Structures are given as C-alpha cells and as structure tokens.
Amino acid sequence: MPKMKTHRGTAKRFRVTGSGKIMRSKAFKSHILTKKSQKRKRNFRHETEVSPADCKVVKRNLGLR
C-alpha cells in the first residue's frame, strides 16, 4: 500500500496544535474592509478551532487519523 499524500491546499490553510486541535484562519478579511469596523477587522486576526463536523475531512486530508 503506498503512503497517503497530504492535500497541499489543506496543509496551507490549517495547522494542528500540540494538543491535537485543528486551527483555521477566519474568512472575510481580505477586501472591502472600509465598511467593516475596527473591532471586527481586529478579531479576524485570531485563529479559531475547526468545527467538529469538518474535523474528520480535514484530518484525512492532512494525513492524520
């Protein structure tokens, strides 16, 4: 059986913490920023945890179990 390949697009968008959580960056922060408040734009900087419904697919794409 050959090795599993990592999905490179997934590898660029997600990271795994030391405790095993999968983190992602937030959406809606790239353009049309003038109408968004400073607080909202500031909160886009922080990463957030991937929802449990999506974890299975992301883990498989990253080559995890």
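The legends below describe several views of one predicted protein model.

Residues are numbered from 1 along each chain as its sequence is written, and side-chain values use heavy atoms, with hydrogens and water left out.

View 1. Helices (H or I, at least four residues) and strands (E, at least two) are DSSP runs, numbered from the N terminus. Along the sequence the elements come in the pattern α-β-β-α-β-α. The C-alpha trace spans about 50 × 25 × 20 Å along its principal axes. The radius of gyration of the protein chain is 15 Å, whereas a compact globule of 65 residues would have one near 11 Å. This radius is taken over C-alpha atoms, and the globule rule is 2.2 Å times the number of residues to the power 0.38.

**View 2. The surface of the protein chain exposes about 5,800 Å².** Carbon and sulfur atoms supply 53% of this area. Accessible areas come from the Shrake-Rupley method with a 1.4 Å probe; for residues, only the protein chains shown count as cover. Of the 65 residues, 17% are buried. Buried means under 20% relative accessible area, exposed means over 50%, and partly exposed lies in between (1.4 Å probe, protein chains only).

**View 3. Three strands form an open sheet in the order E1-E2-E3.** The pairing in this sheet is antiparallel. E1 and E3 are the edge strands, since each pairs on one side only. Two strands pair if DSSP finds at least two bridges between them. E2 and E3 are joined by two bridges in the antiparallel sense. In this sheet, Arg24 stands opposite Thr48 of E3.

**View 4. Glu47 and Arg15 meet through their side chains in a salt bridge.** A salt bridge is a side-chain nitrogen of Lys or Arg within 4 Å of a carboxyl oxygen of Asp or Glu. Here the distance from N to O is 2.8 Å. The pair links distant parts of the chain, with the two residues 32 apart. Glu47 belongs to the loop between helix H2 (38-43) and strand E3 (48-49), and Arg15 to strand E1 (residues 14-16). Glu47 counts as partly exposed because its relative accessibility is 35%. Arg15 also counts as partly exposed, at 42% relative accessibility. The structure holds one salt bridge.

**View 5. Helix H3 (residues 52-62) has Cys55, Val58 and Leu62 as buried residues.** Seen down the axis of H3, the buried residues fall within an arc of 80°, so they line one face of the helix. The arc is that of the directions from the helix axis to the C-beta atoms. These buried residues pack against helix H1 (8-13), E1 and strand E2 (22-24). Contact means heavy atoms within 4.5 Å. On the other side of H3, Ala53 and Lys56 are exposed. For Ala53 the relative accessibility is 69%. The C-alpha atoms of Ala53 and Lys39 are separated by 28 Å, and the two residues are 14 apart along the chain. After H3 comes Gly63, which has a positive phi near 85°.

**View 6. The loop between E2 and H2 holds Lys26, Phe28 and Ile32.** Phe28 has a phi near 70°, a positive value in a residue other than glycine. Ile32 is another such residue, with a positive phi near 55°. Phe28 counts as exposed because its relative accessibility is 63%. Ile32 is partly exposed, with a relative accessible area of 48%. Lys26 counts as partly exposed as well, at 28% relative accessibility. Leaving aside its neighbours within four places in sequence, Lys26 is in contact with Asn43, Phe44, His46 and Thr48. The C-alpha atoms of Lys26 and Ser37 are separated by 15 Å, and these residues are 11 apart along the chain.
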